[in-house]
Amino acid sequence: MADESTQSIVVEASPERIMGVIADFAAYPEWAKAFTAAEVVSTGAGGRAEQVAFTLESGPFKDTYTLAYEWSADGLVVEWSLVKGQMQRSQNGRYALTPDGARTTVTYTLSVQLAVPMIGLFRRKAEKMIMDTALKELKRRVEQG
């Protein structure tokens, strides 16, 4: 992934619990403010989502897009890439979980290329804001149940 941004947060939960929340796409609109809809389009081996369609509304930014997911066998990594979208030309992302006793470090890596050109500095700032919000919302959802 070229020009990617990365952020981490420590969550007071097991990797299994965290990955369970990440994989529960239907619940995203309940806790991830930017998502108004998330629908699993197809599932793969083990019943995990293979493709998911999202509707996103964050301030002036609105988009409908589909992501393809790949889940690691050890349950510690999930990666995704854009299948199709209206406002995005590409999106590549990854959650990597590193267990440490009763805590887990969640590292989020994201690279987004919009269909409309955006100065690199602004794009990276937007990515960091998206990641910061996503990590805090994920932590809150996992720790508060």
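## Basis

The model is predicted, with local features requiring pLDDT of at least 70 and side-chain atom pairs counted only at pLDDT 80 or more, while totals for chains, interfaces and linings use all residues. Residues are numbered from 1 along each chain as its sequence is written, and side-chain values use heavy atoms, with hydrogens and water left out.

## The largest pocket

The largest pocket has a volume of about 790 Å³, where a pocket is an open set of points on a 1 Å grid over the protein atoms alone that fit a 1.4 Å probe, with protein on both sides within 12 Å along at least five of seven lines, and the volume is the space filled by probe spheres set on those points, joined across faces, edges and corners. Its lining (residues with an atom within 4 Å of a point) comprises 34 residues, with Ala34, Phe35, Leu56, Leu110 and Ile130 nearest the centre.

Helix 3 gives the most to this lining, with nine residues; helices (H or I, at least four residues) and strands (E, at least two) are DSSP runs numbered from the N terminus. By class, the lining has 25 nonpolar residues, four polar and five charged, where Ala, Val, Leu, Ile, Met, Phe, Trp, Tyr, Cys and Pro count as nonpolar, Asp, Glu, Lys and Arg as charged, and the others, Gly among them, as polar.

## Gln7

The side chain of Gln7 reaches the backbone nitrogen of Asp132 at 3.2 Å.

Terms used: Polar contact = N/O pair within 3.5 Å; in protein donor to acceptor, adjacent residues only side chain to side chain.
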